[in-house]
Amino acid sequence: MRQPLLKTNNHSRRYASHSISPAQRSGIPMNRPLTIALDGMGGDIGPEVVVPAALQVLKTTEDALCLILVGQEDVLSACLARQKAKGHPQLIIRHASQLVSMDESPAQALRVKKDSSMRVAINLVKQGEADACVSAGNTGALMATARFVLKTLPGIDRPAICTTLPTVHSHVQVLDLGANVDSKAEHLLQFAVMGSVLATVNGIDRPRVGLLNIGEEDIKGNEQVKEAARLLAASDLNYIGFIEGDGIYLDDVDVVVCDGFIGNVALKSSEGVAKLIRHYMTQEFKRNLLTRLAGLIALPVLRAFSRKIDPRRYNGASLLGLQSIVIKSHGGADALAFANAIQVAMLEVEQAVPQRIDAHLAALHAERQAL
């Protein structure tokens, strides 16, 4: 059994380090397999990505799994027919007459698109017909709809977007990545608890937590970050202090905590640098015949390097702090990337992530009450 991240007494809830059995999943009937609702119309490409991704996951997983494709039935049926998968026993189509566009306002989606593929997929989770939802749709609309339908866990003021990024030797959880552009110190503490739980699910005992800051010294940063540091130091999270931007990728920490404004800028900046490196490398290898030959010789190394930093392998951001599991896929994801997002959802269901977060928050509240 893993040690809790926060102090607990004999009455506090603990969790196991391995998969949670179906009987332990909150509200999940014993008479059906793990079930994921997929927003079949979301993202830049929609069903032409979602359907092949679903089939890929079903082909490669040995688990009892059912995937619900939510969207316009005729469109999804035609896509399944093209994939020669119509009538697949593990695929169910649930009709939804509307879709949420990528540039639609969250308020508009929430008020008007009550039969959108996104809303229906989230409703399936709320109704207990699915264990999680995966969508490549409009991020703001997904967060607003999920928060409205599923509600937040007790003790969570604001959900956060968390994703996994590669590091020198392993990976790191980073949150928030854009759900909350302004966050108080208390919110950052809640993010740290949620990120630590997710890191534990991914196999890290006692995750190291760092606050993203403009320097590592205690005097650096604004009052929000300094107050958050005091709250984290007083908890039993494994808080190691401030880290700078380069520390995200150097295995200095397992969880990076920041507000959504900073997190989104850091993520997009990193994506831009990766594209710049790829551009310059391609440009140099194509410069002349000699460099083309060098590129051919280096091709196995370049392919291995590309696999390690391939963003598709890290696709699937968690909307943490909700009472159920919602995974956000990149809007431009291909089938491989969307399949990875489905697998993220499967892992979080099997490991009962919302229940673990709830247990840690309860322990944190009990600890504060005891002071």
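Colleague: Which residues gather in a patch of negative charge on the surface?
Modeller: In this predicted model, the patch of negative charge on the surface is made up of E216, E244, D246 and D252.

Colleague: Where is D246 placed, and is it buried or exposed?
Modeller: D246 sits in the loop that runs between strand 8 (238-243) and strand 9 (255-257), and with a relative accessibility of 52% it counts as exposed, because the cut-off for that word is over 50%.

Colleague: What about D251, what is its phi?
Modeller: D251 has a phi of about 65°, which is a positive value although the residue is not a glycine. Most residues other than glycine have a negative phi.

Colleague: And where does D251 lie, and is it buried or exposed?
Modeller: D251 also belongs to the loop between strand 8 and strand 9, and its relative accessible area of 18% makes it buried, since buried means under 20%.

Colleague: Which other residue has a positive phi without being a glycine?
Modeller: R206 is one of them, with a phi near 50°. R206 is found in the loop between helix 6 and strand 7 (208-212), and at 41% relative accessibility it counts as partly exposed.

Colleague: Staying with the backbone, which residues does a cis peptide bond join?
Modeller: A cis peptide bond links L175 and D176, and its omega is about 5°. Most peptide bonds are trans. As for its place, D176 lies in the loop that connects strand 6 (171-175) with helix 6 (185-201).

Colleague: Changing topic, how many salt bridges does the structure hold?
Modeller: The structure holds 10 salt bridges. As background, side chains of opposite charge can pair when their charged atoms come close.

Colleague: Can you walk me through some of them, say E104 and K113: what is the N to O distance, and are they buried or exposed?
Modeller: The side chains of E104 and K113 meet in a salt bridge at 3.0 Å, N to O, and both of these residues are buried.

Colleague: What is the N to O distance for K220 and E217?
Modeller: For K220 and E217 the salt bridge has an N to O distance of 3.2 Å. K220 is partly exposed, with 31% relative accessible area, and E217 is likewise counted as partly exposed, at 43%.

Colleague: How far apart are the closest N and O atoms of K226 and E223?
Modeller: In the salt bridge between K226 and E223, the closest N and O atoms are 4.0 Å apart. Both residues belong to helix 7 (residues 223-234), and because they are three residues apart there, about one helical turn separates them. E223 counts as exposed, at 54% relative accessibility.

Colleague: Now the nonpolar side of things, which residues form a nonpolar patch on the surface?
Modeller: L290, L293, L296, I297 and L299 form that patch, and together they have about 530 Å² of accessible area. Its largest share, four residues, comes from helix 9 (residues 289-297).

Colleague: Where is I297 placed, and is it buried or exposed?
Modeller: I297 is placed in helix 9, and its relative accessible area of 66% makes it exposed.

Colleague: How many disulfides does the structure hold?
Modeller: The structure holds zero disulfides. A disulfide is a covalent bond between the sulfur atoms of two cysteines.

Definitions and conventions: Residues are numbered from 1 along each chain as its sequence is written. This is a predicted model: local features need pLDDT of at least 70, side-chain atom pairs count only at pLDDT 80 or more; totals for chains, interfaces and linings use all residues. Side-chain values use heavy atoms; hydrogens and water are left out. A disulfide is a pair of cysteine sulfur atoms within 2.5 Å. Patches are made of residues with over 30% relative accessible area and no salt bridge: like charges are joined within 9 Å, nonpolar side chains (Val, Leu, Ile, Met, Phe, Trp, Tyr) within 5 Å. Accessible areas come from the Shrake-Rupley method with a 1.4 Å probe; for residues, only the protein chains shown count as cover. Lys and Arg count as positive and Asp and Glu as negative; His and the chain ends are not counted. The place of a charge is taken as NZ of Lys, CZ of Arg, CG of Asp or CD of Glu. Helices (H or I, at least four residues) and strands (E, at least two) are DSSP runs, numbered from the N terminus. Buried means under 20% relative accessible area, exposed over 50%, partly exposed in between (1.4 Å probe, protein chains only).
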